[in-house]
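Thank you all for coming; I would like to take a few minutes to walk through one structure. Please have the sequence and the model open while I talk.

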Amino acid sequence: MASATVDSMAEILSKLNINAGDWSPNLVKNLHLLSPDQIELAKMLLEMGQSHLFQHWAEPGVDDDQKKAFFDQVAKLNSSYPGGLASYIKTARELLADSKAGKNPFDGFTPSVPNGEVLTFGDDNFIKFEEAGVKEAQNAAFVLVAGGLGERLGYNGIKVALPAETTTGTCFLQLYIESILALQEASRRLTQGTCQKEIPFVIMTSDDTHTRTLDLLESNSYFGMKPTQVKLLKQEKVACLDDNDARIALDSHNKYKIQTKPHGHGDVHSLLYSSGLLNVWRDAGLRWVLFFQDTNGLLFKAIPASLGVSATKQYHVNSLAVQRKAKEAIGGITRLTHSDGRSMVINVEYNQLNPLLKATGHPDGDVNCETGYSPFPGNINQLILELGPYIEELTKTGGAIKEFVNPKYKDASKTSFKSSTRLECMMQDYPKTLPPTASVGFTVLDTWLAYAPVKNNPEDAAKVPKGNPYHSATSGEIAIYRANSLILKKAGVKVDDPVQQVFNGQEVEVWPRVTWKPKWGLTFAEIKRKVNGSCSISQRSTMALKDRDIVLEGLSLDGALIINSVDGAEVKVGGSVKNKGWLLESIDYKDTTIQEELRTRGFKINKIEQLEETYSKPGKFTLKA
């Protein structure tokens, strides 16, 4: 077709049933450059009111490669969106019209507290659910949404490469993989190894993170996981929109390139659906899919019990949640019932929940109940879905999630935007399309146990009002030490109280720097079995336990203790360990001579003195200091 002359344009147009008068003249002149598929895409764009895209096209022979590249991009945008670009534009016009009119998406809905399970760490009920969850783990697949860079944190790498804590330097991705492997092994042991299932792990990446995520995995031998267990699915971006008519925006530096932005982590559902993985998992006998985000170092402490709740309560959807104070800046899990009988259980953002309650007969809005917390639990964006009903739903929707648009208008007339906008979708909005018969619930866990996301840079975190969570690299690391210290305390260890310190302008409680590999302490019952006699840990202490079969027996720790061992090495650690230890030293986050991953937290560890023992062969060993 590239050799066609201008004289044959009429013939091409006639064959395609196209009236040249309806088409951009600049496009018509260049039609001979395009394949039949590309001409069909051009036809779709014109039918959808996008003729401006061709307004500045040059004469044939000028920029021809860029014109073809334009249609390559259009083809990609069309194929990666459920229903194609025409569907995207149509939905955008509807949502932009609603936005301009100020339409409230919750009109006609009345909020109420949904059914769910509130867990108390360490009690019999919690232990029961943890055991049930570990048994179910071999029937689960895990999905990490990791499309973001760490720029917002003041870190130039991918977020999953950041250390979750700097005592051992374990990065988030390593922590997640080791946690999944620990669950896999513990599940086999609990079920007497009747089935040697390997837990699948999917990572949703983006153009920004895909190559670097793969490099991180390959350069670290997948952190001990078999490469065949790991699958990367890359999300594509969506077209930006210039106005309320959903006219597609062109790149300001290239008239042959459409401006694009991320669509949001809700894309994970359509990617899973189109990949065919869900059917593979179903055929392999899997029952659960667990979704989680990229920088919460506490998450896997909550997974066993929450999965146990899903299995016991037979929830199709289980949203992991934490206790939230009324009006706290975290979305609330809410049942919404419409006057026409429809109902759904979803996350409602905190700035929408309070006015919604006030408008539906609750004059005080969102208030704390007798527990001291809001009855609407705080959403932490971790979901457990039952695979069978999930596949049924995605078969109907193609994985499309209810979208929203958030244009920044120039003025109150709402006729023009400050900058281009796009449609967005969120992973946690999956339940919006479910039928009323769907079993949708939640599991509430203690915040200290389950939720310490790392998403704010030092400057933004320092501006957070006192008493509110910082959600920074500083608070995220300190939260891991706090959780581990509190767990050991609950298991009977005498742990000294924390001291207040300020790092990067954030006042935090510094507990002993206690860390362990996930396979050492996956559940509370397991940790209790590994703590015997009278054990104590001073506030200035550091302890890192790096394998499964290490037992603390009458240990008194005042300093730093590091135990390395291999599988099959059973080590009893006791006696009095006292040394100069490892100290936290403040650093200035503006000091560019220091590594970024340390600057983001405002401290580094000065390793002065420690007792470190390594057991490299299987056997039974005793360390009595």
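Let me start with a question: is Phe70 buried or exposed? Phe70 has a relative accessible area of 0% and is therefore buried, where buried means under 20% relative accessible area, exposed means over 50%, and partly exposed is in between, with a 1.4 Å probe and protein chains only. Before I go on, please keep in mind that this is a predicted model, in which local features need pLDDT of at least 70 and side-chain atom pairs count only at pLDDT 80 or more, while totals for chains, interfaces and linings use all residues. Residues are numbered from 1 along each chain as its sequence is written, and side-chain values use heavy atoms, with hydrogens and water left out.

Now to the aromatic rings. A search of the whole structure finds 24 aromatic pairs, and here rings of Phe, Tyr and Trp (its six-membered ring) pair if their centres lie within 6.5 Å, with planes under 30 degrees apart counted as stacked, over 60 as edge-to-face and the rest as tilted. One of these pairs is formed by Trp57 and Phe70, which are edge-to-face, at 5.8 Å centre to centre and with 90 degrees between the planes. This pair links distant parts of the chain, since Trp57 is in the loop between helix 3 (36–47) and helix 4 (64–79) and Phe70 is in helix 4, 13 residues apart; helices (H or I, at least four residues) and strands (E, at least two) are DSSP runs, numbered from the N terminus. Trp57 is buried too, with a relative accessible area of 5%.

A second pair is that of Tyr390 and Tyr430, whose ring centres are 5.3 Å apart and whose planes are at 80 degrees, so the pair is edge-to-face. Tyr390 lies in helix 13 (residues 387–397) and Tyr430 in the loop between strand 16 (423–424) and strand 17 (440–445), 40 residues apart, and the pair thus links distant parts of the chain. Tyr390 counts as buried at 1% relative accessibility, and Tyr430 counts as buried at 3%. Elsewhere, Phe142, Phe172, Tyr176, Phe201, Phe292 and Phe300 form one aromatic cluster.

Let me turn to helix packing. The axes of helix 3 and helix 4 come within 10 Å and cross at roughly 70 degrees, where axes are lines fitted to C-alpha atoms, for helices over the stretch in contact, and angles run from 0 to 180 degrees between N-to-C directions. The two helices are therefore roughly perpendicular to each other, on a scale where angles under 35 degrees count as roughly parallel, over 145 as roughly antiparallel, 65 to 115 as roughly perpendicular and the rest as oblique. Among the residues that meet here are Leu41 and Met44 in helix 3 and Phe70 and Phe71 in helix 4, contact meaning heavy atoms within 4.5 Å.

Helix 6 (residues 124–136) and helix 11 (residues 299–313) have axes that come within 6 Å and cross at roughly 85 degrees, which makes helix 6 roughly perpendicular to helix 11. The contact includes Phe126 and Phe129 of helix 6 and Pro304 and Leu307 of helix 11.

Four strands form an open sheet in the order 21-24-26-30, with parallel pairing; two strands pair if DSSP finds at least two bridges between them. The edge strands are strand 21 (513–516) and strand 30 (611–615), each of which pairs on one side only. Strand 21 and strand 24 run parallel and are joined by four bridges, and the bridge partner of Trp516 in strand 24 is Leu545. Strand 26 (residues 560–565) and strand 30 pair in the parallel sense over five bridges, with Ser565 opposite Tyr615 in strand 30.

Finally, how many residues of strand 14 (residues 378–386) are buried? Nine of the nine are, so strand 14 is largely enclosed by the rest of the structure. Strand 10 (residues 288–293) runs antiparallel to strand 14 and is joined to strand 14 by four bridges, with Leu385 as the bridge partner of Val289. Strand 11 (residues 317–322) also pairs with strand 14 in the antiparallel sense, over six bridges, and there Ser319 stands opposite Leu383.
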